[in-house]
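This report describes a protein chain from its overall make-up down to single residues. Please keep the sequence and the structure in view while reading.

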Amino acid sequence: MASERDSDPECTNHENEVEKEQTETLSKRQRKRLLKNQQWEEQRELRKQKRKERKQQRKLDRQAQVEDGVEWTGKKRMRRSAEPSSLRLVIDCSFDSLMVLKDVKKLHKQIQRCYAENRRTQHPVQFYLTSHVGQLKQIMDEINKGWVNWKDVHIKTDPFHEIMRKEDLVYLTSDSPNVLQELDEAKAYVIGGLVDHNHHKGVTFDLAKKLGVAHARLPLGSFVKMNSRKVLAVNHVFEIILAFLEKQDWKEAFFTVLPQRKGATPLEPGQGNNEEEDSDQDSDINSVVSEKRTEETSSKQHPYWSLLFSTSHVGLTSMNDSTGYTTSL
C-alpha cells in the first residue's frame, strides 16, 4: 500500500497540501520550533562527524602529554607527576553528636572538597578521616555512595588517638597558645570536623588537653587582617596546609585560600593585630548566647563530650582571639 501511495502523484500532492495547511495553522512560535527541529535533524551527521574529530583530537593531546611527562587525570584537571608528602592530615569526625543534620551535611561537602583538593595538589598529604560513624557516615552512604571508592584516603571508624602515636599528633585549635611556624612532615595534624557556628567554644582545645596531645594554632594573625569573623571552614584549613607545603610561605598560603568575602588584607611589616581588646568586649555578649545554646543542646550530647564543654570556641578559630581560625565550617 505504501509503495502504491508513494507512486501516486495525487496522493503525494494531497499530503503536501495537508502538511501546508497544518503549517499555516501553527503559531509563529510553533513554526520556529518546527523549523529548528528540522534543521537539527538535517545537521545530525555533521554533529556526529564533529564529535568524532574532537575525540580524536583529545586522544592526540593525551599522547603528546604523555610524551612530555604530564600525567593525565581526566577531563577536568591535568597535573604533573605529584610528589606525595609524608605529612598526615586528619579530620576528626568525633563531634557528630554536637551537630544538627544540616551542619553534618555541610561537613560532608567540605570533606568532599578536601578530598578533591588533595587529589590534584602537587604535594598530596596522607589524608585521614577518623571516627567516621553516626550521622556523617549515614549521609555519605545516602548522598555520596561513591565514597567507598575514594583513593588516597584512610577512612577509619576508630578515633585518631587510637590509630596514631600520641607523640606524633598536633591538634590544630585557635585556643592554643602555641603558634605553628613550620610543618613537620613526620607529624599528624588534626583538624576538628565540627560545624558549630560558634556555639561550642573550646571543645577541640579541651580534647587535646584531655588526651595529652600537642596543640597549636595557625599563624593567621601574624599575616592577615580580616574584616569579618576569623572563621575558616574545615576545607579552608586543609587547603592552607596544602598551599604551605607547595609555597613554603604562610602569607602566600593564606591569601591563596582565604575567600574574598572575608575581606582579608595583609598586615604591614611590624604591624600587630590589635583586635584582641575589642574581641574581648564582644566575647561577653557572645558567651551569653553560647551558654544558652549549650544548655539547650547539652541533653543531646554524647557523655564523652559533656566533660569537654566550656565557653571558648572550637575548631580552628575564636571570636576573641585576634589570631584565631576555626573549623566552624
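## A residue in a loop

The model shown here is predicted. Aspartate 152 sits in the loop that runs between helix H6 (134–143) and strand S5 (153–155). Its phi is positive, about 60°, although aspartate 152 is not a glycine. Most residues other than glycine have a negative phi.

Is aspartate 152 buried or exposed? Aspartate 152 counts as exposed because its relative accessibility is 53%, and the cut-off for exposed is over 50%.

With a relative accessibility of 49%, glutamine 248 counts as partly exposed.

Isoleucine 143 belongs to helix H6. The relative accessible area of isoleucine 143 is 53%, so this residue is exposed. How far apart are the C-alpha atoms of isoleucine 143 and histidine 108? They are separated by 9.5 Å, while the two residues are 35 residues apart along the chain.

## The chain as a whole

The chain has 329 residues, and 42% of them are buried. Its secondary structure consists of 13 helices and ten strands. Among the contacts in the chain with a separation of 6 or more, 77% are between residues 24 or more positions apart.

## The sheet

Which strands form the open sheet, and in what order? There are six, in the order S5-S4-S3-S7-S6-S8, and their pairing is parallel. S5 and S8 each have a single partner strand, so they stand at the edges and one side of each has no neighbour in the sheet. From one strand to the next, the twist averages 25°.

## Strand S6 and its partners

Strand S6 covers residues 169–172. It pairs in the parallel sense with strand S7 (residues 188–192) over four bridges, and leucine 169 has alanine 188 of S7 as its bridge partner. S6 also pairs with strand S8 (residues 214–216), again in the parallel sense, over three bridges. There, alanine 216 in S8 is the bridge partner of leucine 172.

In a regular strand the side chains alternate between the two faces of the sheet. In S6, Leu169 and Tyr171 point one way, while Val170 and Leu172 point the other way. Are these four residues buried or exposed? All are buried.

## Two packed helices

Two packed helices are described by the angle between their axes and the distance between the axes. Helix H5 (residues 101–120) packs with helix H10 (residues 234–247) at an angle of about 15°, and their axes are 8 Å apart. H5 is therefore roughly parallel to H10, since angles under 35 degrees count as roughly parallel. The crossing of H5 past H10 is right-handed.

Which residues of H5 meet H10? They are Leu107, Gln110, Arg113, Cys114, Glu117 and Asn118, and the residues they meet in H10 are Val234, Asn235, Phe238, Glu239 and Leu242. By class, the contact of H5 with H10 has five nonpolar, three polar and three charged residues.

Technical notes:
Residues are numbered from 1 along each chain as its sequence is written. This is a predicted model: local features need pLDDT of at least 70, side-chain atom pairs count only at pLDDT 80 or more; totals for chains, interfaces and linings use all residues. Side-chain values use heavy atoms; hydrogens and water are left out. Buried means under 20% relative accessible area, exposed over 50%, partly exposed in between (1.4 Å probe, protein chains only). Helices (H or I, at least four residues) and strands (E, at least two) are DSSP runs, numbered from the N terminus. Two strands pair if DSSP finds at least two bridges between them. Axes are lines fitted to C-alpha atoms, for helices over the stretch in contact, and angles run from 0 to 180 degrees between N-to-C directions. Angles under 35 degrees count as roughly parallel, over 145 as roughly antiparallel, 65 to 115 as roughly perpendicular and the rest as oblique. A crossing is left-handed if the near helix is turned anticlockwise from the far one by less than a right angle, and right-handed if clockwise. Contact means heavy atoms within 4.5 Å. Ala, Val, Leu, Ile, Met, Phe, Trp, Tyr, Cys and Pro count as nonpolar, Asp, Glu, Lys and Arg as charged, and the others, Gly among them, as polar.
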